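The following questions and answers examine selected features of one protein model. The sequence and structure are shown first.

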Amino acid sequence: MNPYTLRTSLLSTLRRVTTAAWLLAGVGASPLAWAEEAASASAVSSTRIDIHTVPEVRQPSSLPANWQRGAFMEVFVRAYQDSNGDGVGDLKGLTQRLDYLKDLGIKGIWLMPITTSADGDHGYATTDFRAIDPAYGTLDDFDELLRQAHARGMGVVMDYVINHSARQHAMFASALQGPTSPFYDWFVWEKEQPKGWDIWGKNPWTVTPHGSYFGTFGPHMPDFNFKNPAVLAYHQSSLRFWLNRGLDGYRLDAVPHLVENNAKDWNDQPESRALTGELTKLITAYPQRHVVCEATANPQLYAMPHICGSAFAFGLERNIVNAAKGDKKAIRAVADYFTTAPQTMATFVANHDMFAGARLWDQLRGNVVRYKLAAASYLLQSGTPFIYYGEEIGMAGVQGLEGDAPLRAPMSWTADQQGAGFTSGGKPFRPIAPNAARYNVAAHLADPQSLLSFYKSMLTLRNTLPSLASGSYDAPQVQGRVMAYRRTLGTETTLVVINYGTQPGRIALKTLPPRAVLAPAYPVAAKTTVANARGAAGLVVPAQSVRVYTLRAGA
């Protein structure tokens with residue numbers, strides 16, 4: 001289908017919305033508020049809606065094999081680096097910081113939404129799935145970011161918000177006019193508002209003069225109707241639009257919510273899994289592309305190759321944080337996780353959503369020793385670690401802000417109290433982290449004992465020992481508050497030992513190769529240990545410390 005222009009009389013339609021209808025909708029807004037918001041939607045609705053079919057044009061990849069098994073950095077572009085002094089981060093700013101990410105040891109970058117959006121902040125209310133938000137730059141800036149990242153051996157994946165659009169999207173502005181709109185059936189509608197629905201304590205249906213529409217995440221983000229083949233075809237073309245430019249993959253947002261069957265069967269339906277599998281197949285048909293899914297209810301299932309291949313390990317992050325605090329039950333849960341979970345899980349300790357926890361600094365109340373234990377726990381274990389920007393320097397959350405905003409402050413590059421090195425202009429779009437004076441990149445680069453130096457050490461291990469990046473997960477054990485496990489790839493075996501306790505701990509290793517030599521890889525000054533003829537060895541591990549050994553055959 002060719003692109004075309006839709007012109008609507010949305011405001012006149014909205015004048016017919018009655019106060020009673022709004023009370024039925026239960027969205028807490030007045031008819032006047034609806035009309036005011038619709039003014040901007042009316043302007044959008046007269047814009048060109050690009051739904052043309054994008055053919056597959058496979059681009060070869062210059063990235064090394066298994067690049068996606070290295071650590072990723074999750075980047076909120078708005079908060080990372082402002083290149084033009086307007087107080088808002090942008091793609092050019094991120095490109096300027098690629099050398100920092102390479103030096104840290106990052107192999108992949110996850111961009112939170114960079115397409116045009118209605119929210120002017122987090123980006124998950126999309127208004128154009130095939131355009132860069134003007135605040136972030138242009139398609140040329142995007143292409144340059146890809147070129148520069150690839151030149152440094154780093155892949156780039158981006159958020160794709162497939163479940164819903166913004167209410168201000170031109171398609172939905174058209175759909176609001178009723179069944180005569182060509183886009184009405186692109187969204188989920190019922191003539192009468194369905195009863196008995198409750199998603200996270202709210203009614204997902206919103207009443208309009210032309211029926212009730214469905215929004216899993218609220219009336220401002222209406223769900224697409226994936227039972228309409230045209231909707232799937234449109235998103236498949238939009239995915240190809242970015243892949244054809246050289247994008248290295250996607251983080252697929254909220255995929256368990258693609259299809260809701262009824263008020264009881266609305267989460268993680270078989271149809272949603274099948275659709276996710278189709279999308280993954282399309283993406284991975286391009287060479288060296290990577291897919292990771294957000295699937296909170298059943299992440300291990302979505303990590304199966306026929307569905308997504310990788311999914312965020314929701315639940316593990318809380319056990320990692322509690323293990324760092326010395327909780328024995330949590331230590332055991334961390335040790336056992338990869339005995340059943342797919343090795344392709346995406347691990348993390350914090351991200352952009354408050355439901356996953358506050359920033360790690362706040363969860364651990366600024367305890368740097370425990371912070372390092374938490375970092376080692378997921379950077380050395382199986383799975384692909386995702387570091388939330390600023391985590392590597394201990395950025396604290398901004399207090400006094402609502403929702404997820406405390407997690408999304410400008411990156412702390414310097415101790416500057418005005419903009420923390422994030423912007424050279426005036427006021428940044430959001431207050432800087434409250435601990436930026438001490439916990440910033442410039443200060444940490446000068447301190448070999450800093451959090452940043454520790455992250456670099458852990459990532460150096462992961463990047464130089466293939467067994468840590470891609471090896472099996474074997475022989476996990478916990479004694480007291482000491483955890484140990486092995487990672488093996490080919491002839492290389494690495495032993496990781498972490499003591500979460502505040503006292504020195506002992507651990508007896510009993511299934512090593514006879515007379516195996518445990519050569520210290522971290523810290524390199526640690527003592528070499530040799531197993532006996534039965535493959536047993538005992539280690540004394542200092543309090544709250546990390547030990548990594550490579551195993552060599554003994555004489």
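Q: What covers the buried residues of α9?
A: The model is predicted, so local features need pLDDT of at least 70 and side-chain atom pairs pLDDT 80 or more, while totals for chains, interfaces and linings use all residues. Residues are numbered from 1 along each chain as its sequence is written, and side-chain values use heavy atoms, without hydrogens and water. Buried denotes under 20% relative accessible area (1.4 Å probe, protein chains only), and contact means heavy atoms within 4.5 Å. The cover of the buried α9 residues includes α8 (229-243), β11 (249-252), β12 (290-293) and α10 (299-302).

Q: Which residues of α9 are buried?
A: Helix α9 spans residues 270-284, helices being DSSP runs of H or I with at least four residues and strands runs of E with at least two, numbered from the N terminus. Its buried residues are Ser272, Leu275, Thr276, Gly277, Leu279, Thr280, Leu282 and Ile283.

Q: Is serine 377 buried or exposed?
A: Serine 377 lies in helix α14 (residues 368-379). Its relative accessible area is 0%, and therefore it is buried.

Key: Buried means under 20% relative accessible area, exposed over 50%, partly exposed in between (1.4 Å probe, protein chains only). The expected span of a helix is 1.5 Å times one less than its number of residues.
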